[in-house]
Amino acid sequence: MAAFGKISAPSLKEICVQEILTKILSGELKPGDRLPAERELAEVMGISRSSVNQGIMELENMGFLTITPRRGTVVNDYRANPTPQSLAAVMRYSSVRMEQSLLGDLMATRLLIEVECARLACTNIYDTTLAKMHALVEQLAQEPEDPTEVLYRFHYLLTAASGNSVYAMIYRGFETVLCTLIRQHYSMRSEDIKETALLHGQLLEAIERKDEQAAQDLAKKILAQGITVL
């Protein structure tokens, strides 16, 4: 008989954190904006003031807020003054509501990493990795209703094929937010899957030929497709 684990629901504090964080990362709350008083937030959210206080303190520790006694709580510019905790929060972000500048920065970072990984893969990829990536392209060619997991796995293997373990770790760290964006892309433009499968196949062919320029150009073209939609 299959074993089941205990299911734990998020606490009210965690829900409060996610609600405020979503407003910050979506741009609804901007740097310098002042949050309503804790009592008011508690009433609006329908939770205890203690849960709100704990949530705000956690967001301050993450670098998103600054609490000043008797003056209130202000939103920080987390992009200008990032912390390891704020980066981790962005990595775990699972909402499609994202500030345009943050989305642009994220996609630009992904472009830099994956284009370089495509180049490096031309000389560093293992046959076993190549076979796994070909199998994923075959799955894409079947035009699955939700290609998120297949595409995420393909691009993770691309970063691993670079031979640079840090690139692979960075990509893996952004798994939650990248899967959210991939799913959003194909929910908006499901007709792109056919072209996506073709481009990924061409990328593998370029890597097999050890054609670094073609591999880089195709990596750019693949990511440009998503950037245009999102």
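Start at the largest pocket, with a volume of about 250 Å³. A pocket here is an open set of points on a 1 Å grid over the protein atoms alone, where a 1.4 Å probe fits, with protein on both sides within 12 Å along at least five of seven lines. The volume is the space filled by probe spheres set on the points. This is a predicted model: local features need pLDDT of at least 70 and side-chain atom pairs pLDDT 80 or more, while totals for chains, interfaces and linings use all residues. Residues are numbered from 1 along each chain, and side-chain values use heavy atoms, without hydrogens and water.

Select the lining: Tyr78, Arg79, Pro82, Ser86, Leu87, Val90, Leu102, Asp105, Leu106, Thr109 and Phe174. Lining residues have an atom within 4 Å of a point. Helix 4 (84–91) and helix 5 (100–124) each give two or more of them. Helix 5 has the largest share, four residues. Helices are DSSP runs (H or I, at least four residues) and strands likewise (E, at least two).

Next, go to the second largest pocket, of about 160 Å³. Its lining has 14 residues; Ala37, Glu38, Arg49, Gly72 and Thr73 lie nearest its centre. Color helix 2 (38–45), helix 3 (49–61), strand 1 (65–68) and strand 2 (72–75), which each supply at least two lining residues.

Glu38, Arg39, Leu41 and Ala42 of helix 2 meet Arg49, Val52, Asn53 and Ile56 of helix 3, where contact means heavy atoms within 4.5 Å.
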